[in-house]
Amino acid sequence: MVIIRVALDVPIDRLFDYLAPDADTADIGRCVRVPFSSRQISGIIISVCETSSVPEGKLKYAGQIDRQTPPLPQPLLGLFEFCSRYYHHPIGQVVMNGLPVLLRKFKHTGKEQPPSWRLTDTGKSITLADLPIRAKAKRQLISLLSEHGIITAEICKAMSSHSRKLLHEFKDLGWVEQFTALPEKAVFSTASSPAPTAEQAQAISEILDRTGTFTPWLLNGITGSGKTEVYLQVTASLLAQQKQVLILVPEINLTPQLEAVFRKRFPGTTLVSLHSGLNNSERLQGWLQAQRGKAGIVLGTRLAIFTPMPELSLIIVDEEQDHSFKQQDGLRYSARDLAIYRARQANIPVILGSATPSLESYHQARTGRYRLLQLHSRAISQAALPTIRCIDLRVIPAQEGLSEPVLDALRHCLARKQQSLVFINRRGYSPVLLCKSCRWIATCKRCSSRLVVHLRDRQLRCHYCGDQQPVSPACPQCGDPDVLPFGHGTQRVEAALIRHFPEARILRVDRDSIRHKGAWQQMLDRIHRGEADILVGTQLLAKGHDFPNLALVCALNADASLYSTDFRAEEHLFAQLIQVAGRAGRANVPGSVLIQTEFPQHPLYQALIRQDYAAYAQAHLKERRSAGFPPFVYLAVLRAEAPVLTDALEFLRQAAALAAVTENYPHIQLFDPVPAHMTRLKGLERAQLLIQARSRRHLQTFLGDWHQRITALPVHSRIRWHLDVDPLTL
Ligand SMILES: Nc1ncnc2c1ncn2[C@@H]1O[C@H](COP(=O)(O)OP(=O)(O)OP(=O)(O)O)[C@@H](O)[C@H]1O
Ligand SMILES: [Zn+2]
């Protein structure tokens with residue numbers, strides 16, 4: 001009896017058994033249609049076996065197995081399994097989350113290029129003497145393999161079915177493996193690559209010295225130090241060996257630029273770009289090219305970590321500190337952390353690159369678990385780090401968000417025909433609508449948030465749930481017509497700048513202005529062509545960009561996140577300001593940065609002025625250690641939401657009671673359930689329970705056991721809950 005064990009996209013953490021008389025081990029990793037509670041759904045075959053815990057009479061027959069598409073390779077299945085175990089998320093949902101939609105739906109278009117066979121290292125050590133004289137077919141096959149190195153798909157097809165079966169038998173023994181041949185030798189345009197600086201050369205050679213071994217590198221290079229060039233030259237060397245490279249970037253907005261740089265450098269290499277902006281068929285095509293080894297480079301956002309790449313030899317995670325690498329709903333995985341796992345699994349190097357690494361990664365590098373590579377100076381010899389100065393708003397007031405020194409500096413830049421960037425991390429016109437008489441503030445009905453004024457379309461909008469309503473002409477509470485926008489967003493600053501500099505070409509870049517397709521690329525092109533003098537932008541413009549003529553950066557409302565309750569807020573702000581400051585003076589024009597603040601003496605700004613990431617990180621790590629925060633402890637959060645807050649809290653109390661912490665898990669600390677920082681979201685009340693452990697192992701052992709018990713709790717359908725391992729926000 002042949003039974004297949006299938007991962008299905010259902011919220012139950014186990015595999016499902018089906019009868020499949022025609023299946024064999026070659027079907028592992030293939031998609032299959034199966035009956036599931038009166039419907040047919042798709043799943044992935046995880047294993048093939050002969051027995052099941054389900055009584056024989058109750059087993060159903062599987063439907064069609066998709067043998068057109070190559071099966072998911074074993075390492076990818078291993079990654080899914082790890083991900084399911086580590087994040088305590090149902091295996092079927094993890095697998096299905098990682099696959100292109102069309103593959104899940106059986107609607108693939110690509111024809112399979114059958115893989116070839118070759119001996120593994122174990123296989124190479126097998127000699128004819130190891131095989132009985134009678135086993136003629138086996139002996140022939142081994143001779144054939146050792147003589148030719150490989151058996152191509154065509155030869156395999158021409159062989160007898162018995163020989164083909166033997167190949168699969170050899171595979172089970174670990175003697176042979178299947179692989180998909182890479183296309184002809186990759187071509188690069190070496191002409192366009194600059195001679196690396198001494199620091200770059202050092203980094204490149206150290207990385208290349210350790211290809212083929214699991215080595216996590218932290219490439220900590222200041223802004224403009226040419227980290228990209230390091231990625232490019234290491235990639236060039238690996239492509240020349242017919243290998244594949246995976247590059248992860250935090251945001252879809254960063255993919256086109258990096259993609260352009262890589263395409264230009266490697267015109268003869270197939271580069272697949274995978275990000276959330278693709279349609280289903282584009283995603284599937286890219287995925288299949290990667291899986292068949294045709295794509296030398298895969299570049300994408302976090303989901304790309306699940307791309308099958310048979311010849312994967314390097315993973316690069318650019319801007320590794322970025323929070324977008326962590327998915328914030330459903331399967332809450334960190335693509336950066338999975339990259340480390342995957343690199344270990346494939347025994348290859350992984351480069352985490354950043355000017356301001358996360359404290360977690362920096363700590364790993366300082367304690368020797370990651371290897372640290374540093375680039376201390378800017379790559380272009382004339383370029384230096386910008387000078388940073390604080391403007392004390394207590395002494396020098398701002399009007400419409402802009403202080404006189406900022407206006408002066410902008411004027412100066414305009415006169416010299418240089419670009420400037422006004423950074424304000426808040427879109428809309430103003431973040432608050434306030435009644436002067438009764439202090440009423442417009443708030444969202446569904447969230448604990450204030451409504452943002454979007455003056456152009458005269459709307460109040462919730463940036464959390466998207467709800468909107470017209471700006472009311474009078475205060476709904478007291479009737480006073482004097483309701484006013486309070487505080488500044490990008491639109492308001494743009495309007496003020498237009499008044500101050502009517503002759504300047506001002507370009508606002510935020511999520512509202514890049515909404516329609518193609519707008520983002522058009523804006524970037526305009527900036528690069530020098531068709532904008534003053535850029536007003538949010539964090540969209542803060543990182544990764546290389547605008548050579550940008551001389552001035554002014555940060556307006558940075559203080560907003562200085563005294564946040566979130567223990568990561570400061571780290572995040574420091575990184576963001578270093579990033580945005582780093583946009584200035586990247587080429588031949590010297591850069592300067594002005595920061596408007598009411599707290600110029602704050603240690604964060606003092607460290608920023610010195611642009612000394614290392615000193616800042618070390619001081620902060622000390623604080624984290626004494627306060628008992630990551631990376632010195634390991635966290636998980638159990639979150640619950642319900643229409644009524646007490647229900648959510650009650651559920652968490654029940655869950656806490658299941659933990660029996662003190663007896664079985666002395667290394668685990670459970671905190672009291674509390675309302676979430678943003679208690680109401682999209683009409684639901686949210687609460688959370690923090691779990692802390694001294695080691696990852698302790699945390700995982702506990703969570704595995706606890707999660708099972710919570711799953712077994714009878715929970716009212718009004719309550720939704722999830723576990724977030726290594727949460728970024730509390
Ligand atoms: N060896 C080199 N010689 C000359 N120019 C170089 C060299 N390496 C990089 N550059 C140039 O230096 C500039 C900055 O490089 P890049 O954008 O890679 O910096 P980065 O380290 O990624 O910075 P950030 O962290 O700010 O994104 C680019 O214009 C790049 O072309
Ligand atoms: Zn809302």
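How do H20 and H22 stand to each other: parallel, perpendicular or oblique? I went to that pair first.

**Entry 1, ground rules.** I am looking at a predicted model, where local features need pLDDT of at least 70, side-chain atom pairs count only at pLDDT 80 or more, and totals for chains, interfaces and linings use all residues. Residues are numbered from 1 along each chain as its sequence is written, while chains are lettered from A and ligands numbered from 1 in the order in which they are written.

Helices (H or I, at least four residues) and strands (E, at least two) are DSSP runs, numbered from the N terminus. I found H20 at residues 645-659 and H22 at residues 696-712, packed at about 135° with axes 10 Å apart. Axes are lines fitted to C-alpha atoms, for helices over the stretch in contact, and angles run from 0 to 180 degrees between N-to-C directions. H20 and H22 are therefore oblique to each other; under 35 degrees would count as roughly parallel, over 145 as roughly antiparallel, 65 to 115 as roughly perpendicular, and the rest is oblique. I noted Ala655, Leu658 and Ala659 of H20 meeting Trp706, Arg709 and Ile710 of H22. For contact, C-beta atoms, placed from the backbone, must lie within 7 Å.

Next I checked H13 (residues 359-366) and H19 (residues 613-627), whose axes come within 11 Å and cross at roughly 100°. That makes H13 roughly perpendicular to H19. On the H13 side I saw Leu359, Tyr362 and His363 in the contact, and on the H19 side Ala617, His620, Leu621 and Arg624.

I traced an open sheet of 7 strands with parallel pairing, in the order E10-E11-E9-E12-E13-E8-E14. Strands count as paired when DSSP finds at least two bridges between them. E10 (271-274) and E14 (371-375) are at the edges with a single partner strand each, so one side of each has no neighbour in the sheet. The twist averages 15° from one strand to the next. Between E9 (residues 244-248) and E12 (residues 312-318) I got 5 bridges, and Ile247 stands opposite Ile316 in E12.

Which residues touch the most other members of the largest nonpolar core? Val6 and Val422 do, in a core of 168 residues. Such a core is a set of buried Ala, Val, Leu, Ile, Met, Phe, Trp, Tyr and Cys residues joined through C-beta atoms within 7 Å; buried means 20 or more other C-beta atoms within 10 Å of the residue's own. Among the residues Val6 touches I listed Leu15, Phe16 and Tyr18.

Key. A residue is buried if 20 or more other C-beta atoms lie within 10 Å of its own, exposed if 12 or fewer, and partly exposed in between; C-beta atoms are placed from the backbone. Two residues are in contact if their C-beta atoms, placed from the backbone, lie within 7 Å. Lists of a residue's contacts leave out its neighbours within four places in sequence.
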